[in-house]
Amino acid sequence: MKKTLSILLGLLLCFSMVACKRDFGHTEKIDPKRTQLYVFNYDGGVGTEWLYDIKARFEAEYKDECFEPGTDKKGVQIMIEANKNSFNADSTIQSNPNQVFFTENVPYNELVSQNLLLEISDIVTDNSTGRSLESRMTEDQQINLTALKGKYYALPHYDGYRGLAYDVDLFEDKGLYFAAEKENGNNGFIISKTDKRSAGPDGKFDTRDDGLPSTLEEFFELCEYMASTMSITPLIFTGMYKEYTNYIIEAVFANYSGAEAVKLDYTFDSEGKEVEIITGFNELGGDDLFGATPIVKKVVITPENGYLLKQQVGKYYGLATLKKILSDSRYFSKTNDTVSHLDAQEAFIYSKLENKPIGMLVDGSYWVNEASGAFERSIEDYGKRAENRKFGWMPLPGVVSGEVTEENASKNAAKDMVRSYAYINGNIAGDENKVKLAKLFLSYCYKPENLQKFTEITGSPRGLSYELTSENKKNMSDYELSIWDMHESFEMVRQLSTSKLFMDNERDLLNNLWTSTVNNMPYSLPYNALKGSTSAMDYFNGMRISKTEWENNYKGWFNA
């Protein structure tokens, strides 16, 4: 039998309480009889319990080995520093006491170019166990991670999908799934739990997404049905971190455009293939959903016309989706600037229990792991009503309207906005014994059984190809299995490429992906403009980059 979500969360809470007693940081008393290895872990998202699990097993397995020849020390002591202040990887790493890092927002090319990371090609390409870590990477990962110097300096840590989670229990209880029979007299929604559901965004029946919105039009039909008929607030998101609203934009963009088009923001080369861009809008008699019909043409993208990438069709529909949500106060829960992502998670969890239901949460796929304390508090407050909660991941549709089939379904792409990697500090390069230990530990973390254990504990997939056993899956909730299904069926686009234009201007290009100027007012975050009177069309038009501006900034890299 599959373990319930509440059981899993209870286990996570137990782990968390143990962790609290440890006082995260290098506070564990040093054992002078063992060799110490200092490890940093970003303690958000997937947390740190997976690392404590590996620490215990690694220390036990190597308890009799000497890592400092010439001394009487035996065994190793993994000294963990874990905090939620994501390590800003820059030149300060040279003086950082940590030797192995598992963290996010990693400017990989920048660190490699500054010789701050230890080369780890040997452990990445080693196939002594029958399959190398390199072979578990996609071709893009292999090419892009070695683009700068032809060698590996980091391993993918975890994949974090960002978008919408939904309350499965609420959807089941209130019949919030689309029916296969559209003309059923119930606005196209199922009447009973036994009704056949629509094929969902993948266009296939009998898959996990059956009954979920297959088009953006259906998504807003769902929001309207929730708000007007069922007295349900469709969405909640943090008010403190308004950049979370970009998750909606990015998810629609990726699923509308597909992986190859999303990659262009980093490669600037469509390899002769045509890409859809918007040249203008027909505002007279615009479409029913967003009020303006894009005028589209197809172009081949090269570095010379990379400025056109700001005008990709999928980007407009992402902006238009967020604008339509923000334009109807019934569609989202009011959260002020003090409401963190953790507060939003807790409000989402409690909403059904308090009979003020909220249907969907804007967050990362790892939110359940972050919200373990909130789940436990809800059980303390509401008892059995709060146990065995079921949640799922909702893929935002990449089709605007019409009938969805397997042939024209959403593109099943996701954009990596976490940039999570594991690497070794280059400042230990001169210490042969420390290098040997650090590489041994890092490779141990990536053994097949530890890849599986990582996912079983955290509910998140590593950014590599591997299988889960039936036993792993038994210990995971339905929600976590829905994330694993994403890992298996979606193509993750990572913010790396072989383009010199991108590698040499990475920070600038990434920081300006969604910038716009509207009525002489510059915006870096779409939400700040779209929450007011600015239309998605005006914001999109304000994102345009002129050919002259593009050439002035980047012409030196066109032929690089």
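**Lining of the second largest pocket**

At least two lining residues of the second largest pocket come from each of helix 5 (139–145), helix 8 (246–257), helix 9 (259–267), strand 7 (274–282), helix 10 (313–326), helix 17 (478–489), strand 13 (491–493) and helix 18 (500–504). Helices (H or I, at least four residues) and strands (E, at least two) are DSSP runs, numbered from the N terminus. The model is predicted: local features need pLDDT of at least 70, side-chain atom pairs count only at pLDDT 80 or more, and totals for chains, interfaces and linings use all residues. Residues are numbered from 1 along each chain as its sequence is written, and side-chain values use heavy atoms, with hydrogens and water left out.

Helix 9 contributes the most to this lining, with 6 residues. In total, 49 residues line the pocket, and Asp140, Glu260, Lys263, Thr267 and Glu491 lie nearest its centre. A pocket here is an open set of points on a 1 Å grid over the protein atoms alone, where a 1.4 Å probe fits, with protein on both sides within 12 Å along at least five of seven lines; lining residues have an atom within 4 Å of a point.

The space in the second largest pocket is about 1100 Å³, a volume being the space filled by probe spheres set on the points, which are joined across faces, edges and corners.

By class, the lining comprises 18 nonpolar, 14 polar and 17 charged residues. Ala, Val, Leu, Ile, Met, Phe, Trp, Tyr, Cys and Pro count as nonpolar, Asp, Glu, Lys and Arg as charged, and the others, Gly among them, as polar.

Domain 1 (26–117 + 119–152 + 420–493) and domain 3 (244–324 + 536–559) each provide at least three residues of the lining, with bounds from an automatic or database domain assignment.
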